[in-house]
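My notes follow in the order I made them.

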Amino acid sequence: MHIFVLGTGMIGTTVVTEMVKFPEVDSITAVDVNQVSIDRCLAIADNPKVMGKVAALQTEEDIARVLKDADVAVACLPHSLSLSAVKAAISSHCHLVDLVGSQFMEKMDLDEQAKNAGVIIVPGCGVAPGITNFLAAQGIELLDEADEAIMMCGGIPMHPIPPLWYQVVYRLESLLRLYTKPAVAIQDGEIVELAPLSNLQEITFPEPVGLCETVITDAHSTAFILKGKVKNLYEKTVRYPGHWEKMQVVGELGFLDDTPVAIDGITTTPRAFAEKILAAKMKGDSHKDITVLRVEVTGIKDGKRKKHQWEMVDLYDHERNITSMAKTTALPALLIAKLIATRQITETGVIPIESLIIRDRFQPFLAELKSLGIDIGYKEETFA
């Protein structure tokens, strides 16, 4: 089985170095536009099954040329290239696992094309979207009547420093997109759009994290897939106290707007300007990070009120020397790719992870994640 990994940044390199350990994988091609990035990836993987390929990845046609020889691909590309990668995989008859969850409905419009091509496209396959999605879906499956599903997740620094108490662990472009996009959710059984960064609430996680805050952010595919199965569904992003208040002020002042402005004859956007300024304020003193996750699903089972809760506090991985965010994002994607490659997943079409990793596949998948170092705790509560 020949696997292609598109993009050899932090997460793509993690996919390559972990995927190569599976005996079912015959070879991996690591693809990037940058030879230096490929060389770094190959050095870390240090395995003869891995080869590098420099290629343009800017258009659907570019990506299709790369994927013509692939059986399964994992896309670790920017949001702006996600839909192009999906279309290219379909035209190349290549299965695709995509980390990006945005533009879900545009991807779903390609469902019939993917089925006709005999391939499966799995969008939003990381930690959030990704792990949070299938935990919420499984929680709903365990109930006779689901009232509410809340998915909370965040990548936070182990050693936070002011003024924002946050450090970027992936693309700042993607972060600001999350902060400015209206949040799709389910309220009273209907899909709604809520204001970004709304509904500020406190939440506490086990040590070494402690007190944090959440705001509502986009629920991606879960709102569309789980509509009709749960009355209310929200995704919330976690940060240390004070971060959201400062970012809300930045947004209210217009610094996250995309409308072009002219400054001394130079045209740019407030968001592009803000990216340059904020990047320096989000670097931190250390690469060590923590990924926190909590998914709560409440409802009725056998006439009794129940709550299913999954929780994870994952620390920087010293053994692999990678961030927690890289690990918890990459491992779900590569496990899905392995299941496709070994034909344990045989469905075709555009199918998000919350439609795949439920029922009989749920516990085995959690067990595989745990064997790779992602330990997700679970508890069930019954109320009178």
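This is a predicted model: local features need pLDDT of at least 70, side-chain atom pairs count only at pLDDT 80 or more; totals for chains, interfaces and linings use all residues.

**Pairing in the sheet**

The strands concerned are β4, residues 72-75, and β5, residues 95-98. I found four bridges joining β4 to β5, and the two run parallel.

Next I traced the whole sheet. It is open and has seven strands, in the order β3-β2-β1-β4-β5-β6-β17. The pairing is parallel. Which strands stand at the edges? They are β3 (50-54) and β17 (349-350). Each has a single partner strand, so one side of each is left without a neighbour in the sheet.

**Helices on the sheet**

I then checked what packs on the sheet. Helix α1, residues 10-19, does, and it touches β1 (2-6), β2 (27-32), β3 and β4. The direction of α1 makes about 160° with that of β1. Helix α4, residues 82-91, packs on the sheet too. I noted its contacts with β4, β5 and β6 (120-122). The direction of α4 makes about 165° with that of β5.

**Strand β1**

I looked at β1 residue by residue. Is β1 mostly covered or mostly open? It is mostly covered, with five of its five residues buried. His2, Phe4 and Leu6 point one way from the strand, and Ile3 and Val5 point the other way.

I listed the partners of β1 next. With β2, β1 pairs in the parallel sense over five bridges. There I found Val5 opposite Ala30 in β2. The chain crosses from β1 through α1 to β2, and I logged this β-α-β crossover as right-handed. With β4, β1 is joined by four bridges, again running parallel. Here Ile3 stands opposite Val72 in β4.

**Nonpolar cores**

Last, I looked up the cores. The largest nonpolar core has 87 residues. Which of its residues touch the most other members? I got Met19, Phe134, Leu135, Ile336 and Leu369. Helix α12, residues 324-341, gives the largest share of this core, twelve residues.

I followed up on Phe134. Neighbours within four places in sequence aside, Phe134 is in contact with Ile353, Glu354, Ile357, Ile358, Phe362, Phe365, Leu366 and Leu369.

Another core, of 28 residues, lies apart from the largest one. Its members include Phe4, Ile63, Leu81 and Val119.

Notes:
Residues are numbered from 1 along each chain as its sequence is written. Side-chain values use heavy atoms; hydrogens and water are left out. Two strands pair if DSSP finds at least two bridges between them. Contact means heavy atoms within 4.5 Å. Axes are lines fitted to C-alpha atoms, for helices over the stretch in contact, and angles run from 0 to 180 degrees between N-to-C directions. Buried means under 20% relative accessible area, exposed over 50%, partly exposed in between (1.4 Å probe, protein chains only). A crossover is right-handed if, with the strands pointing away from the viewer, the path from the first strand over the helix to the second runs clockwise. A nonpolar core is a set of buried Ala, Val, Leu, Ile, Met, Phe, Trp, Tyr and Cys residues joined through side-chain atoms within 4.5 Å.
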